[in-house]
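Please read the following report with the sequence and the model open beside it. It moves from the strands to the loops, and then to the contacts between side chains.

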Amino acid sequence: MCAPGWPITLLLVRFFGSATSSPVSIYTPSPPLPSQISPPSPSATVLPFLPSPSLSVPSHIPPFISSSPESERLRCPLTMSPSTLVVRYGDPVEANCSVPEMGFPVLGWEVSLADPHYTMDRFLVWSVDRMTNWGIKAICYALSEHGGQCNMDLPVIIYQPPDRVSIRLINHTGSMLEDHQYTLQCTVQDVAPVESLTVIFYKGDTELGQVQSDNTTERTPVTEIFTLGIIPTKEDNGAQYWCEARLELGPEGPQHPPVVASQKLSATVLFGPELSCPTKLQVREGETLRCDVIGNPPPSVMWVRDGRVVVLPTLSSKTHAGKYTAWTKGLLGQKNFTVEVEVLAASGAANTYNGHFLLAALLTPMIHWL
């Protein structure tokens, strides 16, 4: 600050005598925001007549900002809290700018669509009752006793979660065919900023993939469409596909990122006819010969052996060994499958044989003894 007894006019002449006489705003004038900039204590002095930081520094006074990041860090001691302002559209917000070092008698905020404000205190709070300006810019600056000025931009991220998220298949309705290519489309409506948006596709609880927008310039709400290719199998029949939109707003954003999910899209997959058993099948005597033909919709099946239509045996015997052919017909066409059946001895018969062998082995010494 000034030495005791110096008139304030003399101080102002020292700092600003060579500045241009008419301040020039760096922003296009328009109706002011419902914002206010307030110093932290009642003793702070607001100087509405001081020049804007957008004014050029006279040539005989060296500029305060250095091109060296290290020099700027050491010689421009402005700090802002938060360092990045993340606010939901329509919510209130505030930010504090301070200059902890001596030698900076004037501190101010320059905010688009608002009048500049200054203080001779060490920090200054800028607040907005309701954030509704998507293109707002805020700059904090300090004027040095040695001439020049120090500026620092406050990054502002205004976000809006999607109004609605929906999913569908592109150019297709109804059932899908197994092993055919389809494209899921996730539509995210009225979201901002779109560059912070990540869309995740799911099948049930399984994540299928993530997609991000390549739009890195738009700040106002937009509607974006994201796609993902799938090839369904018979195991996907009845599965539910869905997507969610997530705003990743960084460490200064909400602790839990805004997430909006779509509705569930139930899949009907047509497949078959397919054989559910191996083409070489072993069964034991007395067991049922099980071999099914599956499909969606279920196909019609006719079993043929030695040129005759037969029914698969429920109690297999050695006579049932041989080749069986399934003649099938489904929605997707006709197929024939041949199964070679081998009938093994029943496990009970093997145990009886082993028991007889053991009994004979025990009785033989006794017969010789007698």
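Strands are runs of at least two residues that DSSP marks E, and they are numbered from the N terminus. By this naming, Asp190 has its place in strand E13. The model discussed here is predicted, and local features are described where pLDDT is at least 70.

## Strands and their pairing

Three strands form an open sheet with mixed pairing, in the order E12-E20-E22. Its edge strands are E12, covering residues 176–177, and E22, covering residues 293–296, and each of these pairs on one side only. Strand E20, made of residues 269–275, pairs with E22 in the antiparallel sense over three bridges, and Glu274 stands opposite Ile294 in E22. Glu274 is also linked with Lys234 and Glu235 in a network of salt bridges.

Another pairing involves strand E21, residues 280–284, which runs parallel to strand E26, residues 333–344, the two being joined by five bridges. Within this pairing, Val283 stands opposite Val343 in E26. In a regular strand the side chains alternate between the two faces of the sheet.

## Backbone details

Which peptide bonds are cis? One of them runs from Ala192 to Pro193, with omega near -15 degrees, and Pro193 has its place in the loop between strand E13 (182–191) and strand E14 (197–203). Another cis peptide bond runs from Asn296 to Pro297, with omega near 0 degrees, and Pro297 lies in the loop between E22 and strand E23 (300–305).

Positive phi values in residues other than glycine also deserve a look. Asn171 has phi near 55 degrees and lies in the loop between strand E11 (164–169) and E12, where Asn171 counts as exposed because its relative accessibility is 77%. Asp190 likewise has a positive phi, near 55 degrees, but Asp190 is placed in strand E13 and counts as partly exposed at 30% relative accessibility.

## Aromatic pairs

A pair of aromatic rings is described by the distance of the centres and the angle of the planes. The count comes to four aromatic pairs. Among them, Tyr89 and Trp134 are stacked, with 4.6 Å from centre to centre and 5 degrees between the planes. Tyr89 lies in the loop between strand E3 (85–88) and strand E4 (93–98), and Trp134 lies in the loop between strand E7 (123–128) and strand E8 (138–143), so this pair ties together parts that are 45 residues apart in sequence. Tyr89 counts as partly exposed, at 31% relative accessibility.

Tyr202 and Trp242 also form a stacked pair, with 4.2 Å from centre to centre and 10 degrees between the planes. This pair links distant parts of the chain, 40 residues apart, with Tyr202 in strand E14 and Trp242 in strand E17, residues 240–247. Tyr202 counts as buried at 12% relative accessibility, and Trp242 counts as buried at 14%.

## Salt bridges and a surface patch

The count of salt bridges comes to seven, and the table gives some of them.

| Salt bridge | Closest N and O atoms |
|---|---|
| Glu195 and Arg219 | 3.2 Å |
| Arg246 and Glu248 | 4.0 Å |
| Arg305 and Asp306 | 3.8 Å |

Arg246 is partly exposed at 25%, and Glu248 counts as partly exposed at 39%. In the remaining row, Arg305 is buried, with a relative accessible area of 18%, whereas Asp306 counts as exposed at 67%.

Finally, Met302, Val309 and Trp327 make a nonpolar surface patch of about 290 Å². Val309 is found in strand E24, residues 308–310, and is exposed, with a relative accessible area of 56%.

Technical notes: Residues are numbered from 1 along each chain as its sequence is written. This is a predicted model: local features need pLDDT of at least 70, side-chain atom pairs count only at pLDDT 80 or more; totals for chains, interfaces and linings use all residues. Side-chain values use heavy atoms; hydrogens and water are left out. Two strands pair if DSSP finds at least two bridges between them. Helices (H or I, at least four residues) and strands (E, at least two) are DSSP runs, numbered from the N terminus. Buried means under 20% relative accessible area, exposed over 50%, partly exposed in between (1.4 Å probe, protein chains only). Patches are made of residues with over 30% relative accessible area and no salt bridge: like charges are joined within 9 Å, nonpolar side chains (Val, Leu, Ile, Met, Phe, Trp, Tyr) within 5 Å. Accessible areas come from the Shrake-Rupley method with a 1.4 Å probe; for residues, only the protein chains shown count as cover. A salt bridge is a side-chain nitrogen of Lys or Arg within 4 Å of a carboxyl oxygen of Asp or Glu. Rings of Phe, Tyr and Trp (its six-membered ring) pair if their centres lie within 6.5 Å; planes under 30 degrees apart count as stacked, over 60 as edge-to-face and the rest as tilted.
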